[in-house]
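Please examine the sequence and the three-dimensional structure shown below. The text after them is intended to be read alongside the display.

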Amino acid sequence: MTTTAITADMVKKLREQTGAGMMECKNALSEAQGDFEEANTILRKRGLASAAKKAGRTASEGLIANAVAADHGSGILAEVNCESDFVAKTPDFQQLMHQVLAEIERAGDAANEAWLKDPQGPIVKLLTPVIAKLGENMAVSRFVRYAGQGYVGQYVHLGGKIAVMVEFSGVTPAVSSHAEFPTFVKEIAMQVAAASPTYATRNAVPADILEKEKSIYRAQMENSGKPANVLEKIITGKLGSYYSQVVLPDQESIRDPKATVKDVIAAASKTFGAPVAVTRFARLKVGETNA
């Protein structure tokens with residue numbers, strides 16, 4: 001069996017992802033034959049890595065272009081990349097962002113990954129002359145479009161380096177016209193920006209992900225000597241802690257740490273006189289890759 005050479009860069013990357021020590025990271029990578037996901041799991045089973053630490057690596061500069069319909073029935077976020085912050089602030093780049101949003105809106109449901117990267121497609125054709133004019137490589141690395149399934153709200157942070165889109169169900173005309181509704185929408189979007197949840201509900205967490213979490217908790221306690229029924233209670237408790245990291249309603253509210261986001265949504269629903277809920281959300285950060 002060939003042995004994968006473990007480089008300093010690989011150790012550094014795993015350390016950034018997990019917060020574990022350098023030697024622990026090197027040993028885990030060696031054991032996992034260079035497989036980062038497996039190395040992460042090994043570290044977590046040994047209690048050396050945190051559950052949901054996200055290490056987004058900044059790959060490039062640029063901004064998140066954003067647009068939301070006047071009736072909030074649809075919205076778009078698109079990451080438009082360039083090589084320098086200077087170019088991102090130019091009128092040509094700003095115009096390019098508006099054009100990208102317009103093309104995605106025009107394409108509607110036909111806009112997908114293949115459409116985005118198509119050399120003969122509208123996005124690539126938009127980029128070519130701007131690249132030639134400004135002398136920097138550019139790309140539209142990803143986009144998210146919500147339409148026709150609920151009320152769409154957006155929040156842009158750090159001048160466009162982070163942008164969030166949240167879709168709500170249960171938003172009647174009476175709810176959307178309520179004086180406190182815009183503040184509520186912004187609060188939930190800011191929560192997503194700051195706390196970076198992964199799922200809108202517990203049910204959205206895939207079964208295999210949950211099973212993997214449980215196996216990690218079992219491995220952490222395999223020599224504890226506790227009876228099986230006690231172990232299961234502990235695992236259930238640990239799952240609650242996991243949910244509070246990755247599931248939006250289970251997170252602590254950034255405005256009031258004594259309350260969960262679920263509490264915030266329940267209080268808002270009471271104020272509005274109608275049950276509102278978050279159906280989905282997207283958080284884009286310039287240069288972030290989900291490694």
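The structure is a predicted model. Its chain has an average pLDDT of 90, and 94% of the residues reach a score of at least 70. Residues 52-59, by contrast, have a pLDDT below 50, although this stretch makes 21 contacts in the model beyond near neighbours in sequence. Where pLDDT is low, the predicted coordinates should not be read in detail.

Strand 2 has two pairing partners to consider. Strand 1, residues 61-68, pairs with strand 2 in the antiparallel sense over eight bridges. Within this pairing, E61 has C82 of strand 2 as its bridge partner. Five residues lie between strand 1 and strand 2, and the two form a hairpin. In the turn of this hairpin, H72 adopts a positive phi of about 60°. Strand 3, residues 139-147, also pairs with strand 2 in the antiparallel sense, over eight bridges. Here V80 has V140 of strand 3 as its bridge partner.

The largest nonpolar core contains 25 residues, of which V166, F168, F184, I188 and V278 touch the most other members. Two or more residues of this core are supplied by each of strand 4 (151-157), strand 5 (162-169), helix 9 (181-195), helix 12 (261-272) and strand 6 (277-285). Helix 9 provides the largest share, with seven residues. What surrounds F168 in the model? Once neighbours within four places in sequence are set aside, F168 is in contact with G150, Y151, F184, V185, I188, A277, V278 and T279. Apart from this core lies another, made up of 24 residues that include L101, W115, L116 and V130.

Attention now turns to the helices, starting with helix 3. In this helix, residues 36-45, the buried residues are F36, A39, T41, I42, L43 and R44. The elements that cover them include helix 1 (8-18), helix 2 (22-31) and helix 10. At the N-terminal end, D35 caps helix 3, with a side-chain oxygen 3.0 Å from the backbone nitrogen of E37. Just after the helix, G47 takes a positive phi of about 75°.

Helix 10, residues 207-220, contains E213. Is E213 buried or exposed? Its relative accessible area is 5%, and because residues under 20% count as buried, E213 is classed as buried. Leaving out residues up to four places away in sequence, E213 touches R44, L239 and Y242; of these, R44 is one of the buried residues of helix 3.

The C-alpha atom of E232 is separated by 8.7 Å from that of R218, and the two residues are 14 residues apart along the chain.

Note on methods
Residues numbered from 1 in each chain as written. Predicted model: local features only at pLDDT ≥ 70, side-chain atom pairs only at ≥ 80, totals over all residues. Heavy atoms only, no water. Core = buried A, V, L, I, M, F, W, Y, C linked by side-chain atoms within 4.5 Å. Buried < 20%, exposed > 50% of the residue type's maximum accessible area, 1.4 Å probe, protein only. Helix = DSSP H or I, 4+ residues; strand = E, 2+ residues; numbered from the N terminus. Contact = heavy atoms within 4.5 Å. Pairing = 2+ DSSP bridges. Polar contact = N/O pair within 3.5 Å; in protein donor to acceptor, adjacent residues only side chain to side chain. pLDDT = per-residue confidence, 0-100.
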